[in-house]
Amino acid sequence: MIPRLKLVNVTKRYGSTVANDAISLEVMPGEILSVLGENGAGKSTLMKIIFGSVTPDEGEIYFDGRKVNISSPADARELGIAMVFQHFVLFETLTAKENILLGMPEGTDPKELEKEIIDPNAIVNDLSMGERQRVEILRALLTNPKLLILDEPTSVLSPLALQALFKTLRQLSSEGVSIIFITHKLNEIRELS
């Protein structure tokens with residue numbers, strides 16, 4: 001079977017600081033890969049490289065067996081890569097629906113989208129942290145990704161919302177979606193990966 005994602009010797013430096021040093025990994029279709037590490041270990045930098053928002057200094061990236069150059073998040077989305085960032089990337093003065101539409105392909109029907117959102121007209125600034133996180137996750141899921149990257153997505157979720165997220169991730173995995181899940185919580189890795 002061909003890996004969904006394959007990294008070969010990916011390196012990123014910021015001046016004399018090496019954030020990622022010759023990282024190689026593979027993620028198979030339907031696999032949930034958890035990435036664990038301390039703050040500052042380079043996890044988020046590596047995920048941003050995969051998503052095209054950071055350019056590696058060295059290394060190769062393969063997606064579905066083909067060598068790719070992911071130079072922007074638009075390139076990543078075109079391949080079928082979606083990412084939920086650790087720090088929210090939402091416009092606080094827009095509604096949940098408007099924020100989600102910003103990440104959707106051109107031609108997405110807003111009326112159809114409303115059916116997927118609990119409160120589509122809620123202003124993001126009025127939402128709790130957990131509700132904002134759900135907007136971020138929903139925006140990523142609605143792109144029907146082949147690879148979903150979640151960078152510390154559980155820090156603001158209630159236990160009930162966490163279990164709902166894990167159920168969704170297991171379902172996506174069973175449908176062949178590859179998932180990279182970043183956390184610093186060992187119990188989450190034991191439960192999910």
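Lysine 12 lies over the face of tyrosine 14, with 5.1 Å to the ring centre. Here, a charge sits over a ring if NZ of Lys or CZ of Arg is within 6 Å of the ring centre and within 35 degrees of the ring normal. This is a predicted model, where local features need pLDDT of at least 70 and side-chain atom pairs count only at pLDDT 80 or more, while totals for chains, interfaces and linings use all residues. Residues are numbered from 1 along each chain as its sequence is written, and side-chain values use heavy atoms, leaving out hydrogens and water.

**Charge over a ring**
- Lysine 6 lies over the face of tyrosine 62, at 5.9 Å from the ring centre.

**Aromatic pairs**
- There are 2 aromatic pairs, taking rings of Phe, Tyr and Trp (its six-membered ring) with centres within 6.5 Å; planes under 30 degrees apart count as stacked, over 60 as edge-to-face and the rest as tilted.
- Phenylalanine 51 and phenylalanine 85 pair edge-to-face, 5.7 Å centre to centre with 75° between the planes.
- This pair links distant parts of the chain, 34 residues apart: phenylalanine 51 is in helix H1 (residues 43-51), and phenylalanine 85 is in the loop between strand S6 (81-84) and helix H3 (96-102).
- Helices (H or I, at least four residues) and strands (E, at least two) are DSSP runs, numbered from the N terminus.
- Phenylalanine 166 and phenylalanine 181 also form an edge-to-face pair, at 5.7 Å centre to centre and 80° between the planes.
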